[in-house]
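Hi,

Here's the structure I promised to pass along. Have a look at it first, and my notes on what turned up follow below.

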Amino acid sequence: MGMTITEKILSYHLKRDSVKPGEFIEVNVDIVLANDVTAPIAIKSFKNLGLKDVFDNKKIALVPDHFTPNKDIKSAEQAKILRDFAREYNIVHYYDQGEVGVEHALLPEKGVVVAGDIVIGADSHTCTYGALGAFSTGVGSSDVAAIMATGKVWLKVPETIKFVIKGKLNKWVFAKDIILYIIGKIGVDGALYKSMEFTGDTISSLDMSSRMTICNMAIEAGGKNGIVPPDDITKKYLDERKERDYIFFNSDSDAKYSNVIEIDVNNLEPQIAFPHLPSNTKNISDVKNISLNQVVIGSCTNGRIEDLRIAAKVLEGKKVNKKVRTLIIPATPTIYKKAMEEGLFKIFLDAGAIISPPTCGPCLGGHMGILAKGERALATTNRNFVGRMGHPESEVYLSSPAVAAASAIKGEIASPEDI
Amino acid sequence: MKFTGNVYRYGDNVNTDEIIPARYLNTSSEEELAKHCMEDIDIDFSKKVKKGDIIVAGKNFGCGSSREHAPISIKVSGVSCVIADTFARIFFRNAINIGLPIIELERANEKISDGDKIEVDLDNGIVKNLTKNVEYKINPFPPFMQKLINSGSLMNYIKSSKQN
Ligand code: SF4
């Protein structure tokens with residue numbers, strides 16, 4: 001019987017011909033990652049084991065991106081645990097200072113994760129790397145400690161839902177709108193425990209950045225992993241940066257799916273997720289009079305150079321509304337430099353926006369743009385839970401960078417069509 | 001591993017705040033956590049529960065936050081295992097990693113009533129309802145997972161496998 005791409009990656013790592021959904025397996029991990037929030041706990045558990053060394057210093061990625069540059073004493077202590085550990089164990093993929101960026105934008109950009117990999121991270125958005133044709137999922141800190149010791153993780157083989165996305169996107173409609181639409185349709189537990197395989201002519205025409213936006217939010221539908229079949233676009237991306245050889249796996253035509261969902265995007269409008277769930281989505285044409293105090297363009301969902309170019313296109317020659325603090329957060333130093341060289345910073349600064357160093361910052365209510373009671377933000381991030389960006393009585397709406405930029409100009413949620 | 005115990009039955013979507021309310025997360029004392037286990041859904045649970053008892057629930061048990069405190073409070077309160085229709089993904093992992101056996105059984109909370117006496121045979125994958133005198137087959141855990149559960153936690157499991 002045929003297999004899905006996820007089943008094939010898992011069987012390959014087990015050196016077996018097949019795996020069955022529901023089966024428990026123990027597999028070798030290619031990359032394990034943790035950040036400044038999750039790594040300190042994992043490091044403590046690891047140290048309790050009393051081992052001399054980690055399983056492989058080239059397969060561990062430590063990215064202090066959440067509260068850096070160190071926000072306060074507490075976060076400085078957390079980050080220090082990573083720094084000390086990284087030095088002590090000579091962790092190769094440890095990024096700090098001018099090298100650090102948002103983990104899920106940074107690792108693909110550096111070629112650290114490649115197609116065919118199993119990537120396990122103590123961060124729920126680890127599912128992003130499915131865009132490269134890898135199996136990747138988020139776990140807890142104990143799991144990371146265990147992997148750092150043994151190189152192995154236990155997994156339950158997920159069933160797969162296949163999404164067939166067809167049609168041509170309208171001018172101001174992007175990958176973010178596709179994934180918000182899907183989550184709105186199936187709900188925050190619509191893919192609970194399952195693999196979400198994104199296929200169809202719309203997906204195969206998307207660039208890697210857009211595919212990452214889609215896979216990044218698989219967890220927002222409860223998914224275990226999101227994955228896009230690798231193709232020539234993947235190949236070109238990987239060949240420009242890969243650190244290791246990659247393997248392309250693809251689903252068989254007779255692979256078994258728990259469900260197949262077809263979506264026609266020809267008439268899809270920009271989507272807005274209302275507080276306090278990413279599934280609470282509306283078409284932009286149904287959104288009226290939502291005034292804003294802040295706009296955030298950044299994060300592992302939409303902080304790549306492609307996203308900044310779109311925002312710049314909308315903001316060029318315009319001014320952001322005086323009432324809206326507009327934050328632009330390039331996700332990595334390379335993106336930062338590119339944006340600068342391409343003249344995007346001039347556009348942003350002329351428009352009155354603020355440019356932040358690469359960090360998760362306000363995405364999780366960490367620092368660099370926290371909301372006061374009653375304030376409202378539109379963000380290109382992935383979660384709008386209660387209090388996600390600050391005060392429990394503040395509100396977060398989610399959208400694409402184009403809508404975020406247009407809304408910054410208008411002072412309320414608006415379509416780029418209206419600018 | 002085999003356990004026998006009486007059932008405490010709950011519905012769908014029992015969340016981690018009901019299992020262990022956030023107001024108790026300022027302690028990492030396992031006994032203290034156990035004292036408040038299930039408090040917001042069943043106020044007297046920690047007083048009633050006896051060693052070996054079993055929690056039975058519907059869909060999506062353990063949804064919500066990723067706190068490892070939730071399965072810990074259940075385990076330390078004496079519960080031998082949780083049987084549910086389905087579990088939320090991270091709860092599932094955390095439960096296994098801290099050594100709390102959990103079992104997926106379709107329509108568990110329709111098949112099993114509050115107070116039923118249940119016998120669970122993990123090695124052979126059998127759930128026996130001694131009160132109703134019926135037997136259900138479940139997928140047994142593979143050997144390495146049984147070892148993990150038997151050793152008490154993922155960290156213990158790794159410690160012992162590294163020493164051998
Ligand atoms: S940008 Fe936001 S969602 Fe992404 S890793 Fe950072 S905190 Fe998490």
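This is a predicted model: local features need pLDDT of at least 70, side-chain atom pairs count only at pLDDT 80 or more; totals for chains, interfaces and linings use all residues.

In which loop of chain A is A:Pro69 found? The answer is the loop between β3 (60–63) and α3 (73–88).

You'll find A:His276 in the loop between β12 (271–273) and β13 (281–283). Then there's A:Gln97, which is not a glycine but has a positive phi of about 50°. That residue sits in the loop between β4 (93–94) and α4 (103–109) of chain A.

Now the interface. Chain A puts 25 residues into the contact and chain B puts in 21. Between them the two chains bury about 2100 Å², and 64% of that is on carbon and sulfur atoms. On the polar side, seven residue pairs are in polar contact across the interface (both at pLDDT 80 or more). On chain A, the elements that each supply at least two residues to the side touching chain B are β1 (24–28), α2 (39–48), β6 (135–138), α5 (141–150) and β7 (152–156). α5(A) gives the most, with six residues. By type, that side of chain A splits into 13 nonpolar, seven polar and five charged residues.

So what does α5(A) pack against? Its partner is helix α8 (residues 154–163) of chain B, at an angle of about 10° and with the axes 10 Å apart. With the cut-off for roughly parallel at under 35 degrees, α5(A) and α8(B) are therefore roughly parallel to each other. The residues from α5(A) that meet α8(B) include A:Ala145, A:Ala146 and A:Ala149, and those on the α8(B) side include B:Leu154, B:Met155 and B:Ile158. In total, this helix contact divides into six nonpolar, two polar and two charged residues.

Last, the charges. The whole structure has 29 salt bridges over all chains, and the count between chain A and chain B is two. B:Glu104 forms a salt bridge with A:Lys156, where the closest N and O atoms are 2.6 Å apart. Within chain A, A:Lys235 pairs with A:Asp239 in a salt bridge at 2.9 Å between the closest N and O atoms. Both of these residues lie in helix α9 (residues 232–239), four residues apart, or about one turn of the helix.

Cheers

Note on methods: Residues are numbered from 1 along each chain as its sequence is written. Chains are lettered from A and ligands numbered from 1 in the order in which they are written. Side-chain values use heavy atoms; hydrogens and water are left out. Contact means heavy atoms within 4.5 Å. Buried area is the accessible area (1.4 Å probe) that two parts lose on being put together, summed over both. A salt bridge is a side-chain nitrogen of Lys or Arg within 4 Å of a carboxyl oxygen of Asp or Glu. A polar contact is a pair of N or O atoms within 3.5 Å; within protein, one must be able to donate a hydrogen and the other to accept it, and residues adjacent in sequence count only if both atoms are side-chain atoms. Ala, Val, Leu, Ile, Met, Phe, Trp, Tyr, Cys and Pro count as nonpolar, Asp, Glu, Lys and Arg as charged, and the others, Gly among them, as polar. Axes are lines fitted to C-alpha atoms, for helices over the stretch in contact, and angles run from 0 to 180 degrees between N-to-C directions. Angles under 35 degrees count as roughly parallel, over 145 as roughly antiparallel, 65 to 115 as roughly perpendicular and the rest as oblique.
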